Each structure stands twice: as structure tokens, then as C-alpha cells.
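The sequence and the structure are shown first.

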Amino acid sequence: MSERIAKFIARSGVCSRREAEELIKQQRVSVNGVVVETPAFNVEGTEKIKIDGEKLPETEKTRVWIYHKPAGLVTSHKDEKGRQTVFDNLPAGMPRVISVGRLDLNSEGLLILTNSGELSCKLELPSNGWSRRYKVKVHGKVDKAKLEGLEKGCEIDGVVYGAIKVVVDSEQGTNAWLTVTLQEGKNREIRKVMKSLGLEVARLIRVSYGPFQLGSLKKGEVREVPQKVLKEQLGGKLD
């Protein structure tokens, strides 16, 4: 059965499908010695596929890990500023993996890692309806009515954000801990929304992403999700 070459490359774990499509447009991908010119090209999987002259790795079974990202690490394979990345700090022996979404430099907590670029794309889709839950420490005067209003969505600097549910867990002076639940997870969404309410985010910890939970995982630790659990939680997304 044939499939689009970008999808096949993504399943090898080298990169996401979108990144594979970009490599193809840059004419860096060849099949049986011939440069591929369009992402619409189909392959059977028996061909000799190369990127920049390097043979594509053998496609492995899909694997998923949960990782407790510490603050101060960039969620990318390379950083133009030379900062430490998540992938520089993974335990020895880990295969090449990519992240499902990102956590910004100063955020911490649950990060899902996988060897499948195809699965990474599927798990990031808003259509999954997966909630992302965070523990957030803020500094400033908490207005509970304004926080409740976020459930209707909001617009900041021309960017529309979907419903955000906020529960105030504790308050002490001008500091408070909140539980924030959302589904979109746009770039720096929580920080921008809280700033619009006069609140400064001091700590931001993701504790769950869909069915995946941070639990008792310590900072810097990584744990593979068993195949049985993976099938139960992801079902058809593994196909």
C-alpha cells in the first residue's frame, strides 16, 4: 500500500510531516537516486529514500515517552542562541525523538516525546479535544470574576483565544496558585492572557496533556509509556 512520502518520512521519526514537506520543496529528498519535486509523491516503503544523501532510518514501532521538562531548556533540537535544549538533556540511550507541541523556555512540566513525526502531528491537532492542564503561580491582584470570564474566550492584540477554565487553588498576599485548563495551547497563551488581567506568571507547570499525566515524575526524568497503555489511550491514532 502506497502513501505520501512526507508521511512515510514522518513515521521514520526523522521529522514531522510538515518539516518533511519543506525538505521536499527544498529538493533535499531523493527516491532511488532521483530528487523528489513534490510532496504529492507516493512511495511503497521498499524504495531507497535519502535526505541530504543520508539513508532514511528503518521505520520502528511507534513509541511514546513522558518527560518532566525543567525550566530553562528550549524545546527544539537546535537553538540559534546556543541555549541548552530538552534534547541535549535526555538520558543516554534514548533514540531520536521529537516533542508533541512545546513548552517555552521558562515553563516546566509534562512534555510528550515520540519517535514518530506522524503521531506528533496527530496529537497536536485541536480536533482531538484534549485538555491541557497547568498549575500556575501568579503575582498580582486576582479578580475571580475576570478569571471566570475567560471561559467565554477572549481576544488579545488581535489573537482570539478559546475557552480557558481557571480555578484559584490558594492565595497568599499578592501571590496565588491557579489551575488552568485549556485546549488550544497557542504560543505563550497563558502568560499573555494573565498579563492582560494584570497578573504576572511566576511559574507555569504543565501537569497533563490529554490522557497523559505528569504524576510523580521528577524534573529531568523520562518514562516510556507501555505499548499496552499506548494502545488503550491512543487507539486509531497509532495507525
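Glutamate 108 has isoleucine 205, in β15, as its bridge partner. The model is predicted, so local features need pLDDT of at least 70 and side-chain atom pairs count only at pLDDT 80 or more, while totals for chains, interfaces and linings use all residues. Residues are numbered from 1 along each chain as its sequence is written, and side-chain values use heavy atoms, with hydrogens and water left out.

**Strand β9 and its partners**

Helices (H or I, at least four residues) and strands (E, at least two) are DSSP runs numbered from the N terminus, and two strands pair if DSSP finds at least two bridges between them. β9 and β15 run parallel and are joined by 2 bridges. β7 is antiparallel to β9, with 6 bridges between them; here lysine 69 lies opposite glycine 109 of β9. β8 also pairs with β9 in the antiparallel sense, over 2 bridges, and serine 99 has leucine 113 of β9 as its bridge partner.

**Nonpolar cores**

A nonpolar core is a set of buried Ala, Val, Leu, Ile, Met, Phe, Trp, Tyr and Cys residues joined through side-chain atoms within 4.5 Å. The largest such core has 31 residues, and Val138, Val180 and Met194 have the most contacts inside it. At least two of its residues come from each of β7 (64-69), β9 (108-114), β10 (132-139), β11 (154-156), β14 (175-182), α5 (189-196) and β15 (200-209). β14 supplies the largest share of this core, 4 residues. Apart from this core lies another, of 17 residues, including Ile205, Phe212, Leu214 and Leu217. In soluble globular proteins, nonpolar side chains tend to be buried together.

Contact means heavy atoms within 4.5 Å. Not counting residues up to four places away in sequence, valine 180 touches Arg132, Arg133, Tyr134, Val136, Ile164, Lys165, Val166, Ile190 and Met194.

**Pockets**

On a 1 Å grid over the protein atoms alone, a pocket is an open set of points where a 1.4 Å probe fits, with protein on both sides within 12 Å along at least five of seven lines; lining residues have an atom within 4 Å of a point. Grid points are joined across faces, edges and corners, and a volume is the space filled by probe spheres set on the points. Ala, Val, Leu, Ile, Met, Phe, Trp, Tyr, Cys and Pro count as nonpolar, Asp, Glu, Lys and Arg as charged, and the others, Gly among them, as polar.

| Pocket | Volume | Lining classes |
|---|---|---|
| Largest pocket | about 1,100 Å³ | 15 nonpolar, 11 polar, 17 charged residues |
| Second largest pocket | about 160 Å³ | 4 nonpolar, 2 polar, 4 charged residues |

The lining of the largest pocket comprises 43 residues, with Thr75, Ser99, Gly101, Arg102 and Glu124 nearest its centre. Two or more lining residues come from each of α2 (17-25), β8 (98-99), α3 (117-124), β10, α5 and β15, and α2 gives the most, with 4 residues. The second largest pocket is lined by 10 residues, of which Gly45, Glu47, Lys55, Leu56 and Glu58 are the closest to its centre.

**Glutamate 124**

Glutamate 124 belongs to helix α3 and is partly exposed, with a relative accessible area of 26%. Leaving aside neighbours within four places in sequence, glutamate 124 is in contact with Arg18, Ser99, Val100, Gly101, Arg132 and Tyr209. Its C-alpha atom is separated by 22 Å from that of aspartate 79, 45 residues apart along the chain.

Conventions. Buried means under 20% relative accessible area, exposed over 50%, partly exposed in between (1.4 Å probe, protein chains only).
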